[in-house]
Amino acid sequence: MTTLTKVGTAVALVVGGLVAAPAAQAAPVTSGQLSPGLVSSMRAAFGLTEQQALVRIAREAEATRVAPSARTAAAGAFGGSWFDQDRGVLVVGVTDEKAAERVRATGAEPRLVSRTAAELDRVKDRVDALSEAGGVPSAVTSWHPDPRSGAVVVNLRAGEQTREVADFLDRAKEFGPIEVNTEGVTAPVPFAAGTVGGDPYYTGNVRCSIGFSVHGGYVTAGHCGGTGAQVYGWDRSWQGTFAGSSFPGNDYAWVRTGGGWWNVPVVLGWGTVSDALVRGSWEAPVGTSVCRSGSTTRWHCGVIQSRNETIHYAQGDVHQMAGTSVCAEGGDSGGSFITGDQAQGVTSGGYGNCSSGGRTWFQPINEILSVYGLRLLTA
């Protein structure tokens, strides 16, 4: 039986600026098979050559395809998964050798971890309960399970390690492993904005962005409007009504369109890239690239950094979010997060801006579709 490698000890072969994966490679793709502009935006976001961008896109697509079967193979020993950006492989954490063999057979790379994903989720859920009881200081901005470290990472604003924060961390550590991060942490806010021009939708004096078209309407952020709120398009003509909305707790909503508006399976590239076609909603693993489209800052790309993260907004906690390195600003709320041609989620909030950088979280698309019984409109 092959011996498992512990996290952080793997050795890889660097070839031409990319790291060769030890497992079977994904089938190569050509720029002609992809949405126009995707390769150029990936090159700009990650400093890649055209060939390196094509290789990364192919490997990310393969990782996204393999992830569900690898999780099933790991069964109760599943310890989370992530995309190794340097080597271009899907890594799946497991807690025993037998599960490793099953995971390896799916094409993913098994890695020994100390705790299962279920164990880390239980720790995070108990921190959630602390917050619901009013036990989380405002200096704490979010928390999420991190399979790579085997701990729940608590993001804390630097310089604010008060007695209140110390008491919170002591309580959290009673639940399980806690790791504190202060690097680059700023308080997140929802990305709604006042009325300005552009290509948005409006609810009263609030401007937000369309997420993804579904049959009968589109999905967006819940903090942009409550159920029953009237929606107006970029030209201020009536566009529809919020048929469902949830915030805080969640940050999702869907708008049932009318007034002659129609829906198409497209994400705007804003001239930075060609408009992207939407062909599905396979969930991309942590570590894969992701791009965001919004009515204020338009098109920007980065990396998915976390999943199942709880965001501690001033308005209340929002659960099961995905954190990214992508920037955003006011008015981008509700806009699209997409990896390749696969819908990932809708913009919620974050911190920073697209001049100096920042972080943004999105509400995963598949949860929204499931909650409201919607079908994603695809090309």
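This is a predicted model: local features need pLDDT of at least 70, side-chain atom pairs count only at pLDDT 80 or more; totals for chains, interfaces and linings use all residues.
Me: OK, how many salt bridges does a search of the whole structure find?
Reply: The search finds 14, where a salt bridge is a side-chain nitrogen of Lys or Arg within 4 Å of a carboxyl oxygen of Asp or Glu.

Me: Which residues are linked in a network of them?
Reply: Asp84, Arg87, Glu109 and Arg111 are linked in such a network.

Me: Is Arg87 buried or exposed?
Reply: Arg87 is buried, with a relative accessible area of 5%; buried means under 20%, exposed over 50%, and partly exposed in between, using a 1.4 Å probe and protein chains only. Arg87 lies in the loop between strand 3 (78-84) and strand 4 (89-94), helices (H or I, at least four residues) and strands (E, at least two) being DSSP runs numbered from the N terminus.

Me: What about the pair Asp167 and Arg163, how far apart are the closest N and O atoms?
Reply: They are 3.0 Å apart in that salt bridge, and because Asp167 and Arg163 are four residues apart in helix 5 (residues 163-173), about one helical turn separates them. Asp167 is partly exposed at 33% relative accessible area, whereas Arg163 counts as exposed at 57%.

Me: Where do Glu283 and Arg307 lie?
Reply: Their side chains meet in a salt bridge of 3.7 Å, N to O. Glu283 lies in the loop between strand 19 (276-277) and strand 20 (289-294) and Arg307 in strand 21 (residues 298-313), so the pair ties together parts that are 24 residues apart in sequence.

Me: Switching topic, which residues of helix 3 are buried?
Reply: In helix 3 (residues 97-105), the buried ones are Ala99, Ala100 and Val103. They line one face of the helix, because seen down its axis they fall within an arc of 105°, the arc being that of the directions from the helix axis to the C-beta atoms.

Me: And on the other side of helix 3?
Reply: There, Lys98 and Ala105 are exposed.

Me: What comes just after helix 3?
Reply: Gly107, which takes a positive phi of about 105°.

Methods: Residues are numbered from 1 along each chain as its sequence is written. Side-chain values use heavy atoms; hydrogens and water are left out.
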